[in-house]
Amino acid sequence: MTPPTAAEVRRLVLDTDVAMGAPGSDIDDGFAIALAVADPALRLELVTTVDGNTDVDSATALAVELLHRLGRGEVPVVRGAAGPLADPWRPRERAADVLERFGHRRPAPGRAAEALVRHITASPGEITLVAIGPLTNVATAMLLEPRIARDVREIVVMGGYFTGHQGNVRVPGEFNIWADPEAARIVLRSGARLRLVGLDVTYQVRMSRDQAAELASDGGDFGRFAGECGLAWIETLRHRYPGSATRDSFHLHDPLAVAAVTHPELIGWRRAHVAVATDGVARGITVADLLGTRDAPEPNCEIADTVDVPAFLDLFLRRVGAL
């Protein structure tokens, strides 16, 4: 395969609530970072962290550690928001064991929202932002400097739930949007070019126990580590949800959003106008108008509605397995 030219390489910023590395924590953010590093058509330039899957200090320490493990310790990691816009004082216990084990490396100075503003406005039209956690940092950056909505090349969000039966029993809608719906509302109203990859599509993409075991035995240094993390996460899910029919596998939500940047053909897209509820029992739920009527609103994004599962899994396993 011919390597991409410099003009074809997409400059990438990743905003994440990564928890991979902490025992019993979700790992798909870490797999997404790995795919961003492994894809030769992506140049990961900045990682920002946000409260979500774990507290923001743990996410920051784990992101720094993960990038060093991937051989990309030069990529700056900047700590972001410790809570949602409407409740920034919400207490969240810092994971002392995670910080004790992984907190010895220092992140880059500053705060995520300011780093996003600087990086995007310095190169108008060149930076792709992939947001795979709550949108607090992204919204805060837009409040600091609204023109980043115009200057960013596009924003790809792992978030929302748009079609079909809602299967997430823990929260209404999807976690990243539910965790900070006010932030999601700001981003959806910003005018930025947006593509949203929702749970209704990412639920279709799963790594099996056999695939994780193959990574653990046949992958490179990082691939083996990733496979072992995958097997451990499957065991955690089996104990947490003993009645689940899919307990011998796990979802790859966030890696699909990264793959969407350079392989949009893996996903079917449709224009939509998406809004998010911020009040009452519907708080955090996304609603998509699919523009099928005469008086439909203007589209504000594209949403994923299909995925080529075998092709994505083949791409993901080849890329991450080679690390």
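T202 is buried, at a relative accessible area of 0%; buried means under 20%, exposed over 50% and partly exposed in between, with a 1.4 Å probe and protein chains only. A word on the source: this is a predicted model, where local features need pLDDT of at least 70, side-chain atom pairs count only at pLDDT 80 or more, and totals for chains, interfaces and linings use all residues. Residues are numbered from 1 along each chain as its sequence is written, and side-chain values use heavy atoms, with hydrogens and water left out.

Back to T202, which is placed in helix α9; helices are DSSP runs of H or I with at least four residues, strands are runs of E with at least two, and both are numbered from the N terminus. Leaving aside residues up to four places away in sequence, T202 touches M158, V197, H251, H253 and L256, where contact means heavy atoms within 4.5 Å.

Now the rings. Rings of Phe, Tyr and Trp (its six-membered ring) pair if their centres lie within 6.5 Å; planes under 30 degrees apart are stacked, over 60 edge-to-face, and the rest tilted. That rule gives six aromatic pairs. One of them is Y161 with Y203, edge-to-face, 6.3 Å centre to centre with 65° between the planes. Y161 lies in the loop between β5 (154-158) and α7 (175-179), and Y203 in the loop between α9 (199-202) and β7 (206-208), 42 residues apart. Y161 counts as buried at 12% relative accessibility, while Y203, at 25%, counts as partly exposed. Finally, F31, F250, F312 and F316 form one aromatic cluster.
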